[in-house]
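Work through the exercises below with the sequence and the 3D view side by side, and try each task before reading its solution.

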Amino acid sequence: MNSILGDCVELAKQMVSIPSVSGSESRLAAFLQNQLATCRGCDCSIDGWASLIALFPGKNKRLLLFDGHIDTVDADASLWSSDPFTGSVRDGKLYGRGSSDMKGALAAMISAAALLVDEKGELPGSGIVVCGTAGEELFEGFTLGKIVTALHSAGYSVEGVIIGEASKRRLMYGQRGRVEIELTTIGKSAHSSSPEAGVNAVDAMVGLLSSLDEMDVPVDPVLGPGIGVVTDILSSPYPGASVLPAQCRVTIDRRTLPGETGSSVLSRYREHIAAFERNEPKYKVEVRIAKGSYLGSDGKKEEIEKAPPAWLLSEDDPFRRTISAVLSKAGVLEGEGTYRFCTNGSWSCGVAGIPTLGFGPGREECAHINDEYLEIEELCKAVKGYDAIMRWWSGVS
């Protein structure tokens with residue numbers, strides 16, 4: 001086994017030093033595949049979406065999947081105290097883009113798996129797969145869904161998922177989902193000196209947004225409210241030149257709760273808009289769920305609806321209870337909770353119904369910030385936690 005695989009700090013440093021902003025993950029995936037090529041018992045590949053799949057087979061086809069995304073948001077080096085794409089360790093912390101979100105967690109997963117198979121050889125029970133998923137910052141769950149579907153087609157059964165998003169080593173058992181709602185008000189252009197000759201689409205949007213305050217906000221007793229927040233607004237033509245805008249578009253980030261779908265949320269907005277149009281017949285409104293395009297490393301392209309769902313495991317869920325006990329016994333569990341943001345669990349649990357939990361080193365609030373960091377102590381304790389879970393699952397004493 002390559003010695004770097006057994007040193008999670010060094011592995012995380014090298015991963016941080018390879019930029020992998022969403023859409024440019026291939027170099028990091030290739031680096032990890034090259035390192036894992038030295039690990040006996042590891043079947044490592046890269047799929048057409050630039051995701052890394054490191055399979056550690058067991059005696060049967062049952063798998064526990066460990067997921068850490070390899071893409072990051074970008075970084076403006078002028079706002080950092082050190083190069084964001086050079087992993088540097090100081091004061092007990094690893095600094096760099098992706099250190100917390102979430103190359104550190106993936107390095108810990110890889111190190112734990114590599115050390116375990118180096119010690120035991122073929123796993124005596126069920127197998128493990130560690131995934132470095134691409135594109136999570138763009139479309140939560142999309143590439144993980146591709147990996148799981150491919151594994152199932154190959155005869156494997158993914159029966160549980162551990163997400164490594166930062167949780168300060170709390171066991172995370174759910175999250176709200178989100179739907180990006182696009183609202184467009186349709187007006188009629190006229191010279192701004194004669195506004196009575198047209199219909200101002202911005203005025204229409206102001207009235208519509210004000211009316212949205214009347215919509216009921218659903219609340220989940222665990223995950224909280226299904227809030228909607230305006231995230232952007234654009235009028236057309238822009239910039240205006242003494243002309244009433246003919247269109248105005250707004251994006252609303254609507255956090256969803258268990259049982260809600262993109263379609264159900266869209267229906268609620270349509271009902272509200274129909275009432276708004278009856279009260280304001282001169283205004284016309286279009287509404288839809290936003291979509292985006294994802295281009296794979298092999299040139300494949302897919303249109304994806306931006307509606308990753310919520311997920312939640314109950315207190316008596318056997319997977320949740322067992323993993324909690326395993327981590328407690330290992331001495332690394334710091335309580336339980338739920339994520340405030342979306343994760344790849346939106347697909348694994350929210351879509352596919354696979355029991356999913358989050359457990360990762362570091363703090364949620366360190367994601368996407370300037371001078372992003374991860375405590376070295378957190379990283380090492382995460383390795384211990386992942387090792388304990390892997391030993392339980394694979395039947396290694």
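This is a predicted model: local features need pLDDT of at least 70, side-chain atom pairs count only at pLDDT 80 or more; totals for chains, interfaces and linings use all residues.

Residues are numbered from 1 along each chain as its sequence is written, and side-chain values use heavy atoms, with hydrogens and water left out.

**Exercise 1. Classify the ring pair of Y95 and Y373, and state where each residue lies.**

Solution. Begin with the general idea that a pair of aromatic rings is described by the distance of the centres and the angle of the planes. The rule used here pairs rings of Phe, Tyr and Trp (its six-membered ring) if their centres lie within 6.5 Å, and it calls planes under 30 degrees apart stacked, those over 60 edge-to-face and the rest tilted. This rule gives ten aromatic pairs. For Y95 and Y373 the centres are 5.8 Å apart and the planes make an angle of 45°, which is a tilted pair. Next, locate the partners: Y95 belongs to strand β5 (residues 93–95) and Y373 to strand β20 (residues 373–375), so that the pair links distant parts of the chain, 278 residues apart. Helices (H or I, at least four residues) and strands (E, at least two) are DSSP runs, numbered from the N terminus. Finally, both Y95 and Y373 are buried, where buried means under 20% relative accessible area, exposed over 50%, and partly exposed in between (1.4 Å probe, protein chains only).

**Exercise 2. Explain why the pair of F359 and Y386 is edge-to-face.**

Solution. The ring centres of F359 and Y386 are 5.8 Å apart, and because their planes stand at 90°, the pair counts as edge-to-face. F359 is in the loop between β19 (356–358) and β20, whereas Y386 is in helix α9 (residues 376–394), and therefore the pair ties together parts that are 27 residues apart in sequence. F359 is buried because its relative accessibility is 0%, and Y386 is buried because its relative accessibility is 0%.

**Exercise 3. Which ring does the charged end of R320 sit over, and which ring face does R90 lie over?**

Solution. A charge sits over a ring if NZ of Lys or CZ of Arg is within 6 Å of the ring centre and within 35 degrees of the ring normal. The charged end of R320 is placed over the ring of Y173, 3.6 Å from its centre. R90 lies over the face of Y95, at 3.9 Å from the ring centre.

**Exercise 4. Describe the salt bridges R62–E159 and E378–R169, and decide whether the residues are buried or partly exposed.**

Solution. Side chains of opposite charge can pair when their charged atoms come close. A salt bridge is a side-chain nitrogen of Lys or Arg within 4 Å of a carboxyl oxygen of Asp or Glu, and the structure holds 22 of them. In the bridge between R62 and E159 the closest N and O atoms are 2.8 Å apart; this pair links distant parts of the chain, with R62 in strand β3 (residues 62–69) and E159 in strand β7 (residues 157–163), 97 residues apart. R62 is partly exposed because its relative accessibility is 34%, and E159 is partly exposed because its value is 30%.

In the bridge between E378 and R169 the closest N and O atoms are 2.9 Å apart. This pair also links distant parts of the chain, since E378 is in helix α9 and R169 in the loop between β7 and β8 (171–175), 209 residues apart. E378 is buried, with a relative accessible area of 4%, and R169 is buried, with a relative accessible area of 4%.

**Exercise 5. Find the backbone oxygen that the side chain of R254 reaches.**

Solution. Start from strand β13 (residues 247–256), which contains R254. This residue counts as buried because its relative accessibility is 4%. Its side chain reaches the backbone oxygen of G226 at 3.4 Å, and a polar contact is a pair of N or O atoms within 3.5 Å; within protein, one must be able to donate a hydrogen and the other to accept it, and residues adjacent in sequence count only if both atoms are side-chain atoms.

**Exercise 6. Which residues make the nonpolar surface patch?**

Solution. Patches are made of residues with over 30% relative accessible area and no salt bridge, with like charges joined within 9 Å and nonpolar side chains (Val, Leu, Ile, Met, Phe, Trp, Tyr) within 5 Å. Here V217, V219, I227 and V229 make a nonpolar patch of about 330 Å²; accessible areas come from the Shrake-Rupley method with a 1.4 Å probe, and for residues only the protein chains shown count as cover. I227 is in the loop between β11 (224–225) and β12 (228–236), and I227 is partly exposed because its relative accessible area is 35%.
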